[in-house]
Amino acid sequence: MFYREAGDFKTSYQDDNQTFPIKFDRYRYYLVLFVAFAVIPFMINDYWANAIFLPFLIYAIAAIGLNILVGYCGQVSLGSGGFMAVGAYAVYKLMTSFPEVNILIHVVLAGGITAIVGVLFGLPSLRIKGFYLAVATLAAQFFLVWLFNRVPWFYNYSASGQISAPERTVFGIPVTGANTDSWASYMVCLVFVTICAIIARNLTRGSMGRRWMAIRDMDIAAEIIGVNPLTAKLSAFAVSSFFIGIAGALFFSVYLGAVEVGEAFGINKSFLVLFMIIIGGLGSIFGSFAGAAFLVLLPVFLKNVLVGTLGWPTDLAAHLEFMIVGGLIIVFLIAEPHGLAQLWRVTKEKLRLWPFPY
Amino acid sequence: MKKTLITAAVAGMVAAAPAFADLTFTALSYRTGPYAANGIPFADGYQDYFTLLNERDGGIGGEKVNLLECETGYNTEKGVECYESTKGEGALVYQPLSTGITYQLIPKATADGIPVHSMGYGRTSAKNGEVFRSIFNYPANYWDGASVAVKYLLGENGGSLEGKKIALVYHNSAYGKEPIRTLEEAAKKHGFELSLLPVDHPGQEQKSQWLQIRRDRPDYVLMWGWGVMNQVAIQEAVNIRFNMENFIGIWWSGSENDVLPAGDGANGYKALTFHNVGSNFPVFDDIQKHVVATGKAAGAGDQIGTALYNRGLYAAMLAAEAAKTAQGIHGVSAITPAQMRDGMENLVITEEKMASLGLPGFGPSFNVSCQNHGGDGLVAVAQWDASAKSWGLITDFVQSDQDILNPLISEDSAAFAAENNITPGCN
């Protein structure tokens, strides 16, 4: 009944090639956008923004970025935490050095700086593959965190080595710093998420995405049919790091406001983002969102149920949270190794035939 | 999946909204994660003191205390979630017990008008209340600690540290870096040589640092550690046969958990403290009677009288006294966070007051004022007795070197004020 192509005729190539060719799917997408842009900003409060939506949106950007590298191009990376740190420190240096420039431009520039760093650390991928590459990116993770801790220039010689985001405005409305309204910070992140997702979606279904996927599926075969591994792999590293850098910049400036590199961008962050795309679904933009939602919302939800509703001790709840989240991850991966995105695909298939499956 | 989760989360949160009443205090504690061993006793002490007030006195000034506990796991993101979820319920004061979370909360809590009390941690220059209106760090801060450690060593060496070598082993984070500037100034003033040895989180691997200490043979080692880092450092010091008498930790490196694993080898290890140690105070009898005997003790109830339990208790006592002061100033019993801030700013702790609370001589006497949110910086040195398995104070509470600290505090707070467009002032 739902998601049916029947009766949905296309009369131009443009229509035929759009992102959501099925009418129902397209309207669902518009509805999600409408709710996100026109309903939530009016209802949001500090708790929903800072505890739920900001981390979800920002991790979604990071997950999209890593998904391009791991899911589409097949280059395993454990350096996402380090690349997020590059984005955060880049935006901090830009914000404090050029206070008159708009913060949104700084965030994009921070993404660009991260892309350059990402390409540098992506160079070994031309020679090494698989687990060995993962180890090389792990080196990036540790090196970058060490660098930002070690060189005082990056944190403007502050006594504690913490960086804190000063207040910056967009159209006169503060979006970073303490006096930010929850809707303003939410909107900034939402705009970035939307644009990033649209860019990522279109990159991955264009010729560039096809080159990445060819490399992922079999790099020798891809080389024989004329895909240049150098440009394909490095462009994947660049685009991926660009998104991760934006995520890191927003994570520091809009969401947390003050970070300490070892604590905020440690190896745990790399694993968290990697788990997001594995649970969400490798090689799927929707999967990045689903994985981010799963790993951000579930702990908060469990905490609210166990401590808030049931009134259990906080330490017991925290330990149970680990077990439940861990258990669910295993259950999901056994039941559906291709992640939540595949679950969604299967649901769509089922819904097409519902209520008369054959 | 996403939608069902969100609806379920909504249902959970709607059901979670508790009754609005009483005086709400929050404990952003960590009973899990890498620093749990230190977080648990502090959280127990904090909680038990408020339970005691509820059971024995019926709360503070006739208002029951409602303590909301939220687990942060020493993680900044969880700390944000905890702050946002508790601030809507009228939380009067935040004590996050984490320098990272404190840095996070300083701008947020200031904008929301909720005071933060970072007792012996956090941003040192918050002592300047003209810039940091809602942030308090009485009775002592890291720079006081560093300065008193140097002062103590001066006393040991007949007033001169000329030509001595002092090594600082520190947690490589905002917390551990705090004392460096003070120690550098002190090194200039007193002519000792300072070497810095950072240890990365969580601090289980310190072989190379201690190898360096064995090679350089510093006369004294200072330590700014937390969690497992303390135990490892003390064990490593024992392994290289470093004289424990010459090893001084900050107050966060001075709990039973830190010295017990090293056994007899840790005998003589010293740590700074800004409150007294042990359970020889009348208030502990009340805790036994009203809290432990009635089965209301927090956690496992096995931490009573330990160094960090006492610190949690002290933090709760200072918060309760500030609430009483606020009730006195504003003439209402159900105070708001803004009134709580006034109470903290006018807090006076005297010997008589502590004695009447059953804590005679437990901490230094001090006054808080708008200009000085940090107390007088009175710090004592405690020493570990491995055979008796107890800490004992070996000095009085001595004041830090204000000549070194005051310029540093004005410099750092002025930088913060300039960065955030704050005009310093008391109104």
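Good morning. Chain B contains 15 helices and 14 strands; helices (H or I, at least four residues) and strands (E, at least two) are DSSP runs, numbered from the N terminus. This is a predicted model, in which local features need pLDDT of at least 70, side-chain atom pairs count only at pLDDT 80 or more, and totals for chains, interfaces and linings use all residues. Residues are numbered from 1 along each chain as its sequence is written, while chains are lettered from A and ligands numbered from 1 in the order in which they are written.

Let us stay with chain B. Of its 427 residues, 58% are buried, that is, 20 or more other C-beta atoms, placed from the backbone, lie within 10 Å of the residue's own. Its C-alpha trace spans about 60 × 55 × 50 Å along the principal axes.

I turn now to chain A. Strands β2 (residues 168-170) and β3 (residues 173-176) of chain A pair in the antiparallel sense over three bridges; pairing requires that DSSP finds at least two bridges between two strands. R168(A) has T176(A) in β3(A) as its bridge partner. Two residues separate β2(A) and β3(A) in this hairpin, and F171(A) in the turn has a positive phi of about 50°.

Finally, consider two helices. How is such a pair described? Two packed helices are described by the angle between their axes and the distance between the axes. Helix α4 (residues 80-97) and helix α6 (residues 130-150) of chain A pack at an angle of about 30°, with their axes 7 Å apart. Axes are lines fitted to C-alpha atoms, for helices over the stretch in contact, and angles run from 0 to 180 degrees between N-to-C directions. α4(A) and α6(A) are therefore roughly parallel to each other, a term for angles under 35 degrees.

Note on methods
Buried ≥ 20, exposed ≤ 12 C-beta atoms within 10 Å, placed from the backbone. Parallel < 35°, antiparallel > 145°, perpendicular 65-115°, else oblique.
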